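Hi,

Here is the structure I promised to pass on.

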Amino acid sequence: MPALTALDTTAAETPPDGKQVFKDRCALCHTVRKLAPELCEKLPAQRRDFLERYLASHHAPDPAERKAVRDYLDECCD
Ligand code: HEC
């Protein structure tokens, strides 16, 4: 079925899932529960800004993955 091929192509371009990225890239050293108290004290804009700069050289060099992790951590602070 040609439609399946089209779906497969789309799936490859789906943005990374932040929860999964965290599990793969971050969880071996820290859990969300451990990071959240300090992170969630920051204002959302500050948190995003900090993570964007910090994670670029801390295990999330890929911009799309970094954004996904930031979004995920935002959700964890809500
Ligand atoms: C190899 C282990 C390791 C991995 C993998 C790792 N970290 Fe870290 N991280 C650390 C250590 C150790 C510290 C504390 C020491 C420091 O400040 O450098 C830290 C500190 C932090 C901090 C606190 C920074 C601050 O100054 O308050 C955040 C936030 C953080 N990591 C997020 C992440 C995220 C998100 C990922 C995944 C993309 C990740 N870390 C992957 C080891 C790791």
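Going from the N terminus, the elements of the protein read α-α-α-α-α. That comes to five helices and zero strands, where helices (H or I, at least four residues) and strands (E, at least two) are DSSP runs, numbered from the N terminus.

Two housekeeping points. This is a predicted model, so local features need pLDDT of at least 70 and side-chain atom pairs count only at pLDDT 80 or more, while totals for chains, interfaces and linings use all residues. Residues are numbered from 1 along each chain as its sequence is written.

On the overall fold: the protein has 78 residues, and buried ones make up 14% of them. Buried here means that 20 or more other C-beta atoms lie within 10 Å of the residue's own (exposed is 12 or fewer, partly exposed is in between, and C-beta atoms are placed from the backbone). Among the contacts in the protein with a separation of 6 or more, 67% are between residues 24 or more positions apart. A contact is a pair of residues whose C-beta atoms, placed from the backbone, lie within 7 Å.

Leu-51 sits in helix H4 (residues 44-56), and Leu-73 belongs to helix H5 (residues 63-77). Why do both count as buried? Leu-51 does because 21 other C-beta atoms lie within 10 Å, and Leu-73 because it has 22 C-beta neighbours inside 10 Å. The two are 22 residues apart along the chain, with 9.6 Å between their C-alpha atoms.

Setting aside neighbours within four places in sequence, Leu-51 is in contact with Arg-70 and Leu-73. With residues up to four places away left out likewise, Leu-73 touches Leu-39 and Leu-51.

Last, the ligand. Which of the 14 residues around it come nearest? They are Arg-25, Cys-26, Cys-29, His-59 and Ala-60. Helix H3 (32-41) and H4 are the elements that give two or more residues to the shell. H3 has the largest share, three residues. By type, the shell splits into nine nonpolar, three polar and two charged residues. Ala, Val, Leu, Ile, Met, Phe, Trp, Tyr, Cys and Pro count as nonpolar, Asp, Glu, Lys and Arg as charged, and the others, Gly among them, as polar.

Cheers

Notes: Contact = placed C-beta atoms within 7 Å. Near = placed C-beta within 6 Å.
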